[in-house]
Each structure stands twice: as structure tokens, then as C-alpha cells.
Amino acid sequence: MPSSDPRADRFHYHGYVIDPVAGDVSCRYATGGHTFTERYHFGADGDWGSPAVQAAVRLLFLLAGVSYYKTTAAATIDLGSTPTTAAERAFLTRYYREGLAEFAFRNHLDLGALAITGPDATDQRPARYAPAPGRPLIPFGGGIDSIVTVEGLRPDADAALCIVHPPGDRFAAIEDVAAVTGLPVTRIARQIDPLVRRSTELGLLNGHVPITAVITATVLVAAVLDQRDAVVLSNEWSASVPTVMDGDHPVNHQWSKSSEFEQGFAELVTGALGPQVHVFSYLRPRTEQFARHPAFHGVFRSCNRAFHQNPAQRLDHWCGECDKCCFIDLILAPYLEAGALSEVFGGAEPLADSDNARRFRTLLGLEPDAKPFECVGDVGECRAALTLAAARADRRSYPLLHQLLADVTAAPDHRPVEPESLLLPVGPHFIPERYAPPDLLVRAH
């Protein structure tokens, strides 16, 4: 029977097992009387016995536990027999608190007193790892951001894509776009424990987890197995902007795409593998760049309904009415011809439908509703895109667009924007010099 109080005293890390013959990794956890196993199939290629691969798998084990911790939101995380440094425990504490901030906010929980215990790795040294330079591995989700990263790195690097998917299942919205890139693909099958899908039935807690962090750690293992020197993410600067404030505490749906996570995880990787492998976002100082890549305009699909876990419920087209569809339409409207963008959405462009007014108003900061808990840009980015789109001659017959512009202009917090800034580099980044595009001044961070 479901418990009246799902919170437990402790969450336990029970260890991980590597099967080098099959190329499998199994990570085990336990809490609240339940045990969980998360499984990964990488394939047998690579030196599974190397210290570098072992070190990368250990990092994956540490980050993957978040999907099971959330079931009871225990007060203490017990790392069991896995030694960690003080710096690693400090990162994990921040990872759980900030990565689960949305989960805690929605479930009215306080994770501020979370404690992490376990044996101390006082003498830990980085594993010896000497990868071939200029061979990045790119986590690929088929959306506009990962496409821009691929096209930016393609001319000067021996790049490959990495796709993480459920066992025996592939997402057409990813595969179709990957085929257009023409790049080789490394595949990883990730199987979460089926108990998690029964959380409501079992009286367990449920909610958003920092899945991008888990995927990043997964791709790191694949990169080390293939002797690659970089895991190149596709997270823009706006991913660091909080979704909502909970009192004085920022809650960011995209925390595992933020610069805070990127820097923290990169430091973790350096401590485990040394300075020869880099984990960074190619798009950290960027906003919109996708319009420059017309080869992908007819095939990409960022609508979340294309990625439903149940294949029977996946859409093979844009829904045209969710927050993600509305944001993608708005951010591309300044740069693509209206007819071409309408074709992207199968003739049902969100900006042409007045029923989407409230969604757009929320993206533009015109509603009391908080920014949606989705991977979308911030208010300033959306308002700049709106200003540029409304100035296009082929957008004169879009009444919703012009009404939104009038409402933004009349808003009490309206400030003049420089729409051209959408195409200029902004903010700091962590891109190493050999991967930096020419228009970025690489600075040490």
C-alpha cells in the first residue's frame, strides 16, 4: 500500500557493475524499501579495463542516482562504498539541490538540509587519459541547438554524434535529422528502472530531474571509450536564466543546461580524467543561429510530443500549440520567410493561431504566470525576436503578432531592445581555443 509519507531517511548508492564483454553498465540504488537498477548498453568496443573508462563510469554512477533519489527525497544520501573527494561531494550537494529545485518547488519540499555521506578519497589522482585531439562527441537530440553545434564543428573536427535512447526504441525526430548531418553515430541504450514509472501507484514522489546532466555523463563514458577529447554540448546562455523565484531561491528548469552545471561538471571531469578531455557548450554565448542552416528546416522537430516515452502517443508532426512549438516559431520568425516557416509547422504555424495568445504572452512576460517549465528562452530574447518578426513585410497579415508587439510596447517594464543582439555573442563561455569559432575571444575561466 502507498505510504502516507513518501520521504525516507536515507538514499543508498549500492554500487555499479561493468560487463566488458557485453559493454553494459548497471547502477544500483535503494531507498524507502525499494531497490532500483539503471542499465546502459554501450557496446563492447573500447578498453573497458582502462582506469580512464572506470573513472568515467564512476561519474555516471554518481549522477544517475538522481532519478531514484527523487522517489523519496531522503534527508541523507549515503554513497556507500564509493569514495569521493570533498570537491565531488560539494558538487553533488549542489547538483541535487539545484538540479531538483523544480521537483522540490512543485512538491513543496525543502532540500536545503540535504546531507551527503561516504568514504573520503583523499589521495585520488586523475586517471591517465591521452585522447586524440580534434575528435569531439556531440550529444544529439535533433533540435535546433544541437544542429547548430554540428554545423559549427563540422569543418574543423573529426566529430561524431551520440544518441541516447531507450532499449529497442528510437525517436524518428532525432534519427531523421541525424541522417541529414551525415556524421557517424554512437548509440547508447539507457533503461531506467521500471519501478519509477509506477511512482504514483507505489506512493512515491515524482517530478522533473536534471536529465541533461545524466545524458552528459553517459556521453562522457562513450567519449572515453572512443578516445575522444571533448563532449560538446549545445546549451545557450539563456539556459542559465531561472524559470521562477521561490522566495530568494532561483528555480531553473534548465539547471543541468546552465553555465553553473557546465563549469561544475567540467571541474569534476578534470579531477577524474585530467585536463586532456573537455566538456563544454559550443553555444554558451549564443542565442539564435539555426536559421542559417536551411538543409535542416524541413526535417527538424523540437515539439516535446515527438519524444513521448510511449511510441503510440508520439506525434510525427509539430503539435503547433505547446510552449515549445510557440517558442521555436517565435525565435525563427525574424529570419525565415513566413511561408517557409508555415511549412515547417505543416501549415499550422502557432503565430497564425489566436488560440495560442496566452502562451505567447507568457513567453513575453505579459502574464502573471511564471515562465513555463520548458527549455525556452528568456523574456528579453523573446521580446527581441518579436520586434524583429513584426518588422518583416511578410508578417503584416499576422494580427496576433502585431497585437503582441503593441502589448509589449505598452507594458510597464518595457525597455527598448536591440534585436540585432540576438545574433551577437553574449556572456562568458568555456570553449577551449581549438574548438572556438573565429568570432569569439577565448578567455580563461
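Student: Where does Ala-30 lie?

Tutor: Ala-30 lies in strand E2, residues 24-31. Helices (H or I, at least four residues) and strands (E, at least two) are DSSP runs, numbered from the N terminus. This is a predicted model, where local features need pLDDT of at least 70, side-chain atom pairs count only at pLDDT 80 or more, and totals for chains, interfaces and linings use all residues. Residues are numbered from 1 along each chain as its sequence is written, and side-chain values use heavy atoms, with hydrogens and water left out.

Student: Why is Ala-30 called buried?

Tutor: Buried means under 20% relative accessible area, exposed over 50%, and partly exposed in between (1.4 Å probe, protein chains only). Ala-30 has a relative accessible area of 8%, so Ala-30 is buried.

Student: Which residues is Ala-30 in contact with, leaving aside neighbours within four places in sequence?

Tutor: Contact means heavy atoms within 4.5 Å. With those neighbours left aside, Arg-10, Phe-11, His-12, His-14 and Thr-35 are in contact with Ala-30.

Student: Asp-24 is also in strand E2. What makes Asp-24 partly exposed?

Tutor: Its relative accessibility is 25%. Leaving aside neighbours within four places in sequence, Asp-24 is in contact with Val-17, Ile-18, Asp-19, Tyr-40 and His-41.

Student: Ala-73 or Gln-227: which is buried, and which is partly exposed?

Tutor: Ala-73 has 0% relative accessibility, so Ala-73 counts as buried. Gln-227 has a relative accessible area of 36%, so Gln-227 is partly exposed. Ala-73 has a positive phi of about 45° although it is not a glycine. Gln-227 is not a glycine either, and has a positive phi of about 55°.

Student: Where do Ala-73 and Gln-227 lie?

Tutor: Ala-73 is in the loop between helix H2 (66-69) and strand E4 (76-78). Gln-227 is in the loop between H8 and strand E9 (230-233), just after H8.

Student: How do you know that the span of H8 agrees with its residue count?

Tutor: The expected span of a helix is 1.5 Å times one less than its number of residues. H8 (residues 211-225) has 15 residues, so it should span 21 Å. Its end C-alpha atoms are 22 Å apart, which agrees.

Student: What makes H8 largely enclosed?

Tutor: Of its 15 residues, 13 are buried, so H8 is largely enclosed by the rest of the structure.

Student: How are packed helices described?

Tutor: Two packed helices are described by the angle between their axes and the distance between the axes. H1 (residues 51-64) and H9 (residues 259-273) pack at an angle of about 145°, with axes 9 Å apart. Axes are lines fitted to C-alpha atoms, for helices over the stretch in contact, and angles run from 0 to 180 degrees between N-to-C directions.

Student: Which residues make the contact between H1 and H9?

Tutor: H1 gives Ala-52, Ala-55, Leu-59 and Leu-63. H9 gives Phe-261, Phe-265, Leu-268, Val-269, Ala-272 and Leu-273.

Student: Now the whole protein. Why is the protein called as compact as a globular protein of that length?

Tutor: The protein has 14 helices and twelve strands. The radius of gyration is taken over C-alpha atoms, and the globule rule is 2.2 Å times the number of residues to the power 0.38. For 445 residues the rule gives 22 Å, and the radius of gyration is 22 Å, so the protein is as compact as a globular protein of that length.
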